[in-house]
Amino acid sequence: MMNSALLIILVFWILAIFLGIMSVKGKDMNLEQWTVGGRGFGSMLVFLLMAGEIYTTFSFLGGSGWAYGKGAPALYVLIYISLSYVLSYWLLPVIWKYAKENNLMSQSDFFVSKYKSPYLGVLVALVGVIAIIPVIVVQLKGLGIIVSEASYGVISMPIAIWMGAISLTIYVMISGIRGSAWTAVIKDIMMVVVIGFLGIYLPLHYYGGLQPMFEAIHTAKPGFLKLPEQGLSVSWFISTVILLVLGFYMWPQVFSSVYTAKSGKVFRRNAIISPLYTLMLLFVFFVGFAAILKVPGLEGGDVDLALLRISIETFNPWFIGLIGGAGLLTALVPGSMLLMSGATLLAKNVYKPFVPSATEHSIGQLAKYLVPVIALISVYFTLNGGDTLATLILMGYSLMTQLFPALLFSFMRNNFVNKYGATAGIICGIATVAYITISESTIGTLFPPLPQAAKDLNVGIIALLINFLVTIIVSLIVRKFTTSYKLAAK
Amino acid sequence: MKIIYILSIVPFIGILGFLPLVNRVEPFVLGMPFNIFWMAMWTVLTSVILGIMYKLDPRNQEGDE
């Protein structure tokens with residue numbers, strides 16, 4: 001049946017594209033307009049844009065999937081986002097101010113300018129592009145899940161993913177960041193309403209309330225509602241949250257939305273309301289918890305289906321259409337921002353350093369043509385990877401976190417870290433992440449004699465420590481070497 | 001200025017520092033297991049603390065910088 005669910009999703013799709021086109025009417029779309037909106041966004045738009053990036057299909061499907069599959073450890077999502085806003089209060093105004101003074105457009109520009117090295121910029125840009133591809137994959141996967149589930153299987157996953165990638169590409173090429181900001185307005189309203197409703201209604205409908213639901217889960221699966229003694233334990237939770245907080249603002253698309261603000265005060269003001277906004281995730285978890293006893297049996301990557309499966313069991317197709325429409329927008333907004341950031345990075349910070357004669361106009365053109373390229377690469381990985389949404393996101397995070405040491409040192413008044421140290425640190429950090437990911441190491445497998453609490457620490461800490469050490473040591477050696485060289489020359 | 005720095009650390013201690021003590025299901029509060037309630041409460045408190053920081057921070061008294 002070509003059902004009402006699909007029809008409603010289609011309406012949302014058209015609405016989003018319409019908004020994208022309207023938002024750029026009458027604007028001359030040069031690179032600065034396309035990628036940082038001419039630096040004129042106020043509190044409200046910056047808030048929605050950043051919320052648009054943070055609350056992706058991952059929050060919708062992955063958050064409920066983790067609550068369904070793993071229980072209490074899912075709360076890490078709520079906590080790292082809330083705590084990140086404390087960091088944002090201090091960090092974002094400083095980044096914004098420096099970017100404004102130096103007319104920066106991408107995250108890589110920031111490192112180029114701070115460390116006076118276009119090649120460090122190339123490295124940072126490549127790290128960014130590699131890390132955002134898993135996140136685009138998550139959005140495409142999410143889109144695939146939503147459309148195929150809401151069509152009751154009529155549209156298969158691969159077709160849904162291709163459709164999603166194509167429309168996402170067209171959308172980005174036309175509208176740029178303004179389209180994302182305006183679509184983010186509807187997306188967030190829809191998402192809050194749908195999630196709030198599901199999170200309250202499902203526990204009430206199936207269990208008669210929150211507490212009866214949690215008691216039923218507690219009886220059926222004792223221990224599921226607290227962090228386990230080992231594995232996803234307390235020490236895993238703490239170390240993971242800290243790493244994610246450090247990585248939270250290292251994403252290239254986040255830098256782009258920081259640059260759109262018209263003042264630094266915007267971020268301090270937005271920091272106040274933002275943690276309250278994350279409470280929405282609590283309702284996402286409630287949906288996942290409600291699904292545990294009602295749609296049992298989902299395993300592995302399928303846990304991400306929990307929210308849609310329980311909704312399909314409960315509601316009429318037209319309401320599934322509304323959920324699907326909201327889900328679609330939560331993929332479209334961050335997906336478009338990620339594609340845009342990736343394309344801008346490749347054109348401006350990878351291509352330009354090697355072809356200095358390129359004009360700003362041609363860079364802007366190139367960035368737009370790179371959008372479909374990145375989209376295609378992402379489709380490839382979407383169709384050929386089997387991981388859950390949470391695993392993919394965590395991998396991207398461990399890559400991005402490797403920029404933290406270089407960023408931190410760049411704010412010091414007398415920064416002793418130079419471009420050599422920063423580059424070597426980032427490369428060693430990334431190599432460690434790659435090794436850990438491929439060999440599937442944990443601290444437990446690397447250092448078997450450690451006590452359990454230490455074994456459960458997030459293994460990303462090792463990569464970050466190596467990164468810090470290499471950054472400092474290489475900087476000091478190079479500095480010593482160059483000063484003695486200068487002395488000898490005299 | 002000093003007190004704002006201290007306030008920044010409070011949410012981290014409240015959530016992560018207390019985690020080993022509050023990782024338990026009972027008692028239920030507001031229908032939620034105790035650990036989930038504790039984290040939800042601290043999310044709200046983080047907003048409150050950031051609001052206090054904003055008020056105390058002299059940089060916010062000036063116009064847009």
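I started with A:Ile155, which sits in the loop between α7 (118-150) and α8 (157-207) of chain A. Helices here are DSSP runs of H or I, at least four residues long, and strands are E runs of at least two, numbered from the N terminus. This is a predicted model, where local features need pLDDT of at least 70, side-chain atom pairs need 80 or more, and totals for chains, interfaces and linings use all residues. Residues are numbered from 1 along each chain as written, with chains lettered from A and ligands numbered from 1 in written order.

Beyond four places in sequence, I see A:Ile155 in contact with A:Val147, A:Ser148 and A:Ala160 (contact puts the C-beta atoms, placed from the backbone, within 7 Å). A:Leu6 is 149 residues away in sequence, yet 9.6 Å away from A:Ile155 in space, C-alpha to C-alpha.

Next I looked up where the chains meet. I got 34 residues of chain A in contact with 30 of chain B. On the chain A side, α5 (76-101), α9 (210-220), α10 (234-248) and α12 (265-278) each supply at least two residues. The largest share, 9 residues, comes from α12(A).

Last, chain B. I counted 3 helices and 0 strands, in the pattern α-α-α. Its C-alpha trace spans about 50 × 20 × 15 Å along the principal axes. Buried residues make up 26% of the 65 in chain B.

Definitions and conventions:
Two residues are in contact if their C-beta atoms, placed from the backbone, lie within 7 Å. A residue is buried if 20 or more other C-beta atoms lie within 10 Å of its own, exposed if 12 or fewer, and partly exposed in between; C-beta atoms are placed from the backbone.
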